[in-house]
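Thank you all for coming; I would like to walk you slowly through a structure that may be new to you.

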Amino acid sequence: MRHIISILMENEAGALSRVAGLFSARGYNIESLTVAATEDPSLSRMTLVTRGSDQIIEQITKQLNKLIDVVKLIDLTEGPHIEREMMLVKVKAAAATDARNEINRLAEIFRGNIIDVTSNSYTIELTGTGDKLDAFIRAVGHEEILETVRSGVSGISRGDKSLSL
């Protein structure tokens, strides 16, 4: 099962390396990883996506909690949450073709923004769930895509529940 684990950790050199090392040493895979400073400059928030049985996820969370840099963590998939991912995708769009109109239409349908235009390509920014971004890629067609960059999942609990001190 897919799990989104959000970690509040000290914003210090080597903290990310220790988390990645924990996964590597135990043979666990990180599907997505995002890290950034929080409103408190001494803390960072890491959001990682991994897959595993309940026992494996329990083992991962116990091991993460033992790391000295980890202040607090939560498995967002245990309750209602919001998750988003950002994608930049560069697609073929030859000048004066119907392809440009189709790309404009698809970008509008998926609520994307065309952020760069050249004579042969469009770069589109999209935000949403991973499923939405995957659907956009399928709609455009793999042969039309020149390059794709995805941010990885960011997530937050819904309601009063929060990951804070």
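I will go through a sheet, one of its residues, a helix and a loop, in that order.

Please keep in mind that this is a predicted model, in which local features need pLDDT of at least 70 and side-chain atom pairs count only at pLDDT 80 or more, while totals for chains, interfaces and linings use all residues. Residues are numbered from 1 along each chain as its sequence is written, and side-chain values use heavy atoms, with hydrogens and water left out.

Let me start with the open sheet, which has 4 strands in the order E2-E3-E1-E4 with antiparallel pairing; helices (H or I, at least four residues) and strands (E, at least two) are DSSP runs, numbered from the N terminus, and two strands pair if DSSP finds at least two bridges between them. Strand E2 (32-37) and strand E4 (70-75) are the edge strands, each pairing on one side only, and from one strand to the next the twist averages 15°. Strand E1 (residues 2-10) runs antiparallel to E4 and is joined to E4 by 5 bridges, and serine 6 has isoleucine 74 in E4 as its bridge partner.

Turning to helix H4 (residues 130-140), we find Gly130, Leu133, Phe136, Ile137 and Val140 buried. These residues are on the same side of H4, because they cover an arc of only 120° around the axis, the arc being that of the directions from the helix axis to the C-beta atoms. On the other side of H4, Asp131 and Arg138 are exposed, whereas the buried residues pack against strand E5 (81-92), H3, strand E7 (121-128) and strand E8 (145-150). After H4 comes glycine 141, with a positive phi near 100°.

I will finish with arginine 111, which sits in the loop between helix H3 (98-109) and strand E6 (113-117). Although arginine 111 is not a glycine, its phi is positive, about 55°, and at 72% relative accessibility this residue counts as exposed.

Terms used. Buried means under 20% relative accessible area, exposed over 50%, partly exposed in between (1.4 Å probe, protein chains only). Axes are lines fitted to C-alpha atoms, for helices over the stretch in contact, and angles run from 0 to 180 degrees between N-to-C directions. Contact means heavy atoms within 4.5 Å.
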